[in-house]
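Subject: Structure handover

Hello,

Please find the structure below. My notes on it follow.

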Amino acid sequence: MPSQILPFSYLPPPKSPPLAKQAMYKPLIYDDYPSTTTTTVKPLLSRASTFNASALATNCGGGLTAWYHNKRRRSNSDNNCLSALPDRTNGTDGGDNGQQTIAQEVTHAAAETFLLTRLCLKLLSYLGVGYRWITRFMALGCYAFLLMPGFIQVGYYYFFSPYVRRSIVYGAQPRNRFDLYLPKNSNGPKPVVAFVTGGAWIIGYKAWGSLLGQQLSERDIIVACIDYRNFPQGSISDMVKDASCGISYICNHIAEYGGDPNRIYLMGQSAGAHIAACTLVDQVVKESGEGDSVSWSSSQINAYFGLSGGYNLLSLVDHFHSRGLYRSIFLSIMEGEESLSQFSPELVVQNPNLKHIIARLPPIILFHGTADYSIPSDASKSFAETLQRLGGKAEVILYEGKTHTDLFLQDPMRGGVDEMFEDIVSVVLGGDSEVVGKSVDRRRLVPEFMLKLAHWVSPF
């Protein structure tokens with residue numbers, strides 16, 4: 001049962017109890033500062049929403065525009081991702097239907113295994129071996145063991161379902177591939193969700209989105225799970241370039257797989273939510289004349305879904321350090337402390353020199369659990385408040401008592417009606433009231449007692 005809806009105060013009186021003690025239930029919607037102390041509840045955003053181009057200029061440093069100019073000059077050769085693609089008819093991307101031969105898949109798997117082994121050894125040299133990492137590794141092992149019945153079933157679907165197209169090449173860089181989850185019903189063009197997986201910028205992999213892909217494809221939605229270079233194979237700018245290249249390919253070629261190019265949604269989870277948000281903001285900066293030519297447009301994105309993401313790195317670096325993602329490693333991933341603001345979407349949109357980009361952003365819908373300790377839910381609330389204050393369309397939906405992995409793993413494996421999943425479907429299929437109102441009870445993948453234990457031992 002969803003929790004009751006309670007009003008939320010933007011600026012509580014000095015003697016009010018702290019936010020952590022206030023009851024925050026789903027959904028919480030953030031609006032522009034009202035004349036009273038409470039906000040009103042709005043429905044989920046539709047593409048028909050109009051944008052308010054007026055914004056409050058908030059000065060957070062004037063160096064971002066210059067950084068964007070320099071960044072474009074350094075990456076000019078990467079802007080047109082389509083020109084870097086291999087010939088789609090020569091078999092390098094699996095042929096015309098995007099499927100690879102067994103020999104190609106075995107060769108690719110062997111190459112990736114060798115690469116991952118080498119990168120893991122390099123990563124260990126950064127992390128070192130300490131008590132905190134040993135305990136987290138043990139907790140991760142217990143967590144994976146408890147969810148193993150679900151992982152086996154999802155893995156079987158991933159490798160053997162005829163409706164999954166694996167490792168479609170979208171660019172020329174390592175790991176420039178994505179997986180495609182197709183609905184069984186092929187009648188008419190389908191809406192598309194381009195999904196960027198999480199993994200702390202270190203262990204992200206396209207297969208992590210297979211459970212989401214299976215869920216949404218069962219509701220006649222195509223899902224494209226985009227892979228990208230992780231650290232130390234690449235840094236944050238490489239991840240953003242890869243994500244942009246993958247989105248470009250999807251926008252320009254999804255019709256060949258039965259997708260509707262006019263109904264594309266962008267989604268990211270955890271670190272993937274941060275990367276996807278950076279990519280989207282980076283794109284609107286390019287389109288506003290601050291960069292070079294583009295191969296896709298932000299207008300092709302109907303909405304952005306951010307799940308358990310962080311959007312202001314300056315406010316999160318100390319939190320990540322306390323959680324085991326040490327400052328030295330994190331700064332290496334983000335290309336130095338001076339780059340933290342440049343890869344913080346919440347700060348970039350506040351640059352007075354870029355305030356005109358707000359009108360180009362699609363509706364932003366952020367999902368977060370109130371018991372998320374990996375990335376606190378305040379990260380999504382703050383980003384939504386900032387966008388609202390600047391005139392953008394944004395809302396945040398909080399799920400009471402949900403952790404970083406509950407929304408993405410445990411809840412879908414629980415079966416029945418998935419609350420967050422239905423919220424996503426209601427936006428993507430909002431024009432079809434019959435489909436939206438027809439919730440699907442999915443079968444349980446893991447016994448309840450194992451899910452509760454996984455919730456308790458989760459290192460995330």
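Pro232 sits in the loop that joins β4 (222-226) to α6 (236-253); helices (H or I, at least four residues) and strands (E, at least two) are DSSP runs, numbered from the N terminus. The peptide bond from Phe231 to Pro232 is cis, and its omega is near 10 degrees.

The model is predicted, so local features need pLDDT of at least 70 and side-chain atom pairs count only at pLDDT 80 or more, while totals for chains, interfaces and linings use all residues. Residues are numbered from 1 along each chain as its sequence is written, and side-chain values use heavy atoms, with hydrogens and water left out.

Two residues other than glycine have positive phi. Ser270 has phi near 60 degrees and lies in the loop between β5 (259-269) and α7 (271-290). Its relative accessibility is 9%, so Ser270 counts as buried (under 20% relative accessible area; exposed is over 50%, partly exposed in between; 1.4 Å probe, protein chains only). Glu335, in the loop between α9 (327-333) and α10 (345-348), has a phi of about 65 degrees. At 29% relative accessibility, Glu335 counts as partly exposed.

Helix α5 (residues 210-217) packs against helix α12 (residues 406-414) at an angle of about 50 degrees, with the axes 10 Å apart. Axes are lines fitted to C-alpha atoms, for helices over the stretch in contact, and angles run from 0 to 180 degrees between N-to-C directions. α5 and α12 are therefore oblique to each other; angles under 35 degrees count as roughly parallel, over 145 as roughly antiparallel, 65 to 115 as roughly perpendicular and the rest as oblique. On the α5 side, Leu211, Leu212 and Gln215 meet Phe408, Leu409, Pro412 and Met413 of α12 (contact means heavy atoms within 4.5 Å). The residues of this contact are six nonpolar, one polar and no charged; Ala, Val, Leu, Ile, Met, Phe, Trp, Tyr, Cys and Pro count as nonpolar, Asp, Glu, Lys and Arg as charged, and the others, Gly among them, as polar.

The axes of α5 and helix α4 (residues 148-160) come within 10 Å and cross at roughly 70 degrees, so α4 and α5 are roughly perpendicular. Here Val154, Tyr157 and Tyr158 of α4 meet Ser210, Leu211, Gln214 and Ser217 of α5. That contact has four nonpolar, three polar and no charged residues.

For the chain as a whole, there are 15 helices and eight strands, and 54% of the 460 residues count as buried.

Regards
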